[in-house]
Amino acid sequence: MNAGLRRAVRAATACLLALVASGCSLPLNGKGEVQAYDFGPVSQAKEGSGRLTQPVLVYDVSGPAWMESPAIFYRLAYLDSSRPLAYASSRWVMPPAALLSGRLRQRLSGAGGGVILPSDGLRAPATLRVELEEFAQVFDAEAKSRAVVRLRASLAGTRSLIAQKSFSVERAAASPNAEGGVRALSAASDEALEQVLDWMASSLKK
């Protein structure tokens, strides 16, 4: 084996070991294609028309800096739950906070009150801010995982805080891979936003 070939083999081996050590999965097909996912369409049954009776100024969902990418994160709780890892061959079409921002506004627009964006330059009797705290597929064992979505919502009036609440939803994943995580995270997100809508409707009636 010549020196050039030995260097190439060493480089390829080092790359493979780095992928394994980082917890990233290898591509699922020979072409190395990346699969992109979103939450899918909003079900009409979940639109919740009529729950809100006044327009709400809705800011973009915010999140921690490490989530500011379209990576699909997972945690190996049975080894080290403090390390968020990412799938190598699957991703979201945009960062999770951006996906939730769009979904939240879709759900609110179907709830009857109306959605105002900060860029509209209009005033609203209530303002909603949502912070994403956790959004990951958590593996409790190699073949057992669940989606975990945690967020905090703050509802404010013109001069004071109306209400603030944290929400946490978990959904079992049907399969221990990226697709299973995506489906479970999408379902958990819809459930969390449903809880936010119920909480908003109740808080604005007080």
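1. A residue is called buried here when its relative accessible area is under 20%, exposed when that area is over 50%, and partly exposed in between, with a 1.4 Å probe and protein chains only. Phe39, at 10% relative accessibility, therefore counts as buried, and Phe135 is likewise buried, with a relative accessible area of 1%.

2. The model is predicted, so that local features need pLDDT of at least 70 and side-chain atom pairs count only at pLDDT 80 or more, whereas totals for chains, interfaces and linings use all residues. Residues are numbered from 1 along each chain as its sequence is written, and side-chain values use heavy atoms, with hydrogens and water left out.

3. The structure holds seven aromatic pairs, where rings of Phe, Tyr and Trp (its six-membered ring) pair if their centres lie within 6.5 Å, and planes under 30 degrees apart count as stacked, over 60 as edge-to-face and the rest as tilted. The rings of Phe39 and Phe135 have centres 6.2 Å apart and planes at 45°, so this pair is tilted. Because Phe39 lies in the loop between β1 (35-37) and β2 and Phe135 in strand β6, the pair ties together parts that are 96 residues apart in sequence; helices (H or I, at least four residues) and strands (E, at least two) are DSSP runs, numbered from the N terminus. Trp66 and Phe73 form an edge-to-face pair, 5.1 Å centre to centre with 80° between the planes; of these two residues, Trp66 is partly exposed at 32%, while Phe73 is buried at 10%.

4. Phe39, Trp92 and Phe135 form one aromatic cluster. Trp92 and Phe135 are also among the residues that touch the most other members of the largest nonpolar core, which has 47 residues; such a core is a set of buried Ala, Val, Leu, Ile, Met, Phe, Trp, Tyr and Cys residues joined through side-chain atoms within 4.5 Å. The largest share of this core, 13 residues, comes from α3.

5. Arg105 lies in helix α2 (residues 96-109) and, at 19% relative accessibility, counts as buried. Its side chain makes a polar contact with the side chain of Asp60 at 2.8 Å, a polar contact being a pair of N or O atoms within 3.5 Å of which, within protein, one must be able to donate a hydrogen and the other to accept it, and residues adjacent in sequence count only if both atoms are side-chain atoms.

6. Strands β7 (residues 144-156) and β8 (residues 161-172) run antiparallel and are joined by eleven bridges, two strands being paired if DSSP finds at least two bridges between them. The two strands form a hairpin with four residues between them, and Arg150 has Ser168 in β8 as its bridge partner.
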